[in-house]
Amino acid sequence: MLLRYKQNGFTVTGSYVFVDATEPDPAGTGRQRVPLTPRHTGGLVGMWEEHGKGRIGVELYYTGRQELEDNPFRTRSRPYVHLGLLGEIVLGKISLFANAENLLDVRQSRYDPLVLPQRAASGQWTVDAWAPLEGFIFNGGIRLRFGGH
């Protein structure tokens with residue numbers, strides 16, 4: 001589902017996805033949920049933008065539980081929320097922008113180790129990623145416009 005509302009430079013977008021994905025169980029006992037596929041995900045993005053002046057926005061995304069495989073620490077992931085902010089100011093032909101991602105500093109390593117106690121049969125030394133690995137991110141910069149517009 002995707003919904004969008006726009007009025008006077010403001011835009012709000014909401015999304016929701018429901019996934020019921022299964023696959024044959026390797027043990028031959030029926031079906032199992034597909035690993036690393038959250039059943040519920042959703043998002044809400046709000047943005048104000050005025051051409052020639054700037055914009056500011058906030059984003060919020062939810063990722064639900066996911067079945068995990070070959071993970072000795074847990075069989076299901078934890079749900080998590082990702083929050084971000086964006087801002088840009090236009091000063092003639094120069095724009096200044098800043099972007100902050102994962103403001104809640106969600107990291108998979110806060111819940112369980114990433115490194116396996118011993119190498120898996122597949123040769124892997126780490127568990128599969130089911131949440132952000134990098135934590136909080138901030139970046140900013142300057143944009144220069146050349147030409148007439």
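User: Which residue's side chain does Glu88 join in a polar contact, and at what distance?
Analyst: Ser95, at 3.4 Å. A polar contact is a pair of N or O atoms within 3.5 Å; within protein, one must be able to donate a hydrogen and the other to accept it, and residues adjacent in sequence count only if both atoms are side-chain atoms. This is a predicted model: local features need pLDDT of at least 70, side-chain atom pairs count only at pLDDT 80 or more, and totals for chains, interfaces and linings use all residues. Residues are numbered from 1 along each chain as its sequence is written, and side-chain values use heavy atoms, without hydrogens and water.

User: Is Glu88 buried or exposed?
Analyst: Buried, because its relative accessibility is 10%. The cut-offs are under 20% relative accessible area for buried, over 50% for exposed, and partly exposed in between (1.4 Å probe, protein chains only).

User: What else is in contact with Glu88, beyond four places in sequence?
Analyst: Lys53, Gly54, Arg55, Ser95, Leu96, Phe97 and Arg143. Contact means heavy atoms within 4.5 Å.

User: New topic. How many aromatic pairs does a search of the whole structure find?
Analyst: One. Tyr111 and Trp130 are stacked, because their ring centres are 5.9 Å apart and their planes at 25°. Rings of Phe, Tyr and Trp (its six-membered ring) pair with centres within 6.5 Å; planes under 30 degrees apart are stacked, over 60 edge-to-face, the rest tilted.

User: Which of the two is buried, and which partly exposed?
Analyst: Trp130 is buried at 3%. Tyr111 is partly exposed at 27%.
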